[in-house]
Amino acid sequence: MFDAKAYSAASSTSPLASSTIPRREPTERDVQIEILYCGICHSDLHYVRDEWHSVMPAVYPCVPGHEIVGRVTRVGAEVTRFKAGDLAGVGCLVDSDHSCPSCQEGLEQFCQDMTMTYGSPDKQLGGVTYGGYSESIVVDERFVLRVPANLNLAGVAPLLCAGITTYSPMRHWKVGKGQKVGVVGLGGLGHMGVKFAHALGARVVVFTTSPGKKEDALRLGADEVVISRNPEEMLKHVGTFDFILDTVAAHHDINAYIHLLKRDGNITLVGAPEKALEVSAFSLIFGRRSLSGSPIGGLAETQEMLDFCGAHNITADVEVIPIQRVNEAYERLLKADVKYRFSIDMSSLKSE
Ligand SMILES: [Zn+2]
Ligand SMILES: [Zn+2]
């Protein structure tokens, strides 16, 4: 075991503050990574404040962060895919059972026995796993991703959660050339959805409630922007979409979007409103439309996404902050006051 600097919260009402956490010495299959950037995901805030108590009760002290990019500093004797000095990424998962049907298909995100990057029982050290708001992390090489060298690393970090969360359903539903794709909401997830749909060759329409976001949506790759509060604008698109990615985490009328799908079209939820959404059965039945949800992605697909980003020069739009401003960033996150993701420069932790 060795000590690593980190930012942790002592309770659901405490701010994140400088602390020290234990990390395991790399075992034979482990990769030790010096963390360079860690993105701030809304899940971090939910976890730190124990807002998801019923599904994932927080254990304190807690260290969030699952959008990790860094450089390999040490590897175990049996590690073959990484060596010291390599760039490396870690997303939401750091282990699984490797044997269930989902794992065998490379869909570790559905493993019933997966270990999340933070807040899961730590099989080696006991207690719970600690995430990326830290100077280093030690991870089984099977859960470490290769990072293309041509990309801005601060903007790569959010790809590990926001990126794969939007890329995976588009691949599953085979988004591609000649298709019309909608993205509902233009935040951390939505802005990645626009970039991917555009790069996959689709015609992209962004739905937003804020007219002020129009210019930015077009800059990010949208072909058209619809102000969703305007029924006339919405009506023009009825029955025309192959696929819609719904990234909105607040309560909203999903039927307004189901109507916009073509026959056999799909709308996938990646935002998670707290209250149940009402769904009109008729809007699904007529047109054989489908509604689904999707969580992150497996390791193989996450690697595919990073390689795709390398080839298409895609990163998240980030505001880089020092770790000392993380509590302020959380408050701004609640007001959606960020374009479009915070990325923590972890070198700022050295001065603590
Ligand atoms: Zn996340
Ligand atoms: Zn499994």
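## A loop residue

Lysine 275 is located in the loop that runs between strand E13 (261-269) and helix H9 (281-285); helices (H or I, at least four residues) and strands (E, at least two) are DSSP runs numbered from the N terminus. The residue is exposed, at 59% relative accessible area. Exposed denotes over 50%, buried under 20%, and partly exposed the range in between (1.4 Å probe, protein chains only). Lysine 275 and phenylalanine 286 are separated by 11 residues in sequence and by 26 Å in space, C-alpha to C-alpha.

## Basis of the model

This is a predicted model, in which local features need pLDDT of at least 70, side-chain atom pairs count only at pLDDT 80 or more, and totals for chains, interfaces and linings use all residues. Residues are numbered from 1 along each chain as its sequence is written, chains are lettered from A and ligands numbered from 1 in the order in which they are written, and side-chain values use heavy atoms, leaving out hydrogens and water.

## Zinc site

Asp97 (OD), Cys100 (SG), Cys103 (SG) and Cys111 (SG) coordinate the zinc ion (ligand 2) at 2.0 to 2.3 Å. Donors are N, O and S atoms within 2.8 Å of the metal (3.2 Å for Na, K and Ca); water is not among the atoms, so sites may look incomplete. Along the chain, the donors of this ion have the spacing D-x2-C-x2-C-x7-C.

Cysteine 100 is buried, with 15% relative accessible area, and cysteine 111 is likewise buried, at 3%.

## Nonpolar core

The largest nonpolar core has 93 residues, and Ile40, Tyr133, Val156 and Phe196 have the most contacts inside it. Such a core is a set of buried Ala, Val, Leu, Ile, Met, Phe, Trp, Tyr and Cys residues joined through side-chain atoms within 4.5 Å. Another core, of 13 residues, lies apart from it and includes Ile254 and Leu260.
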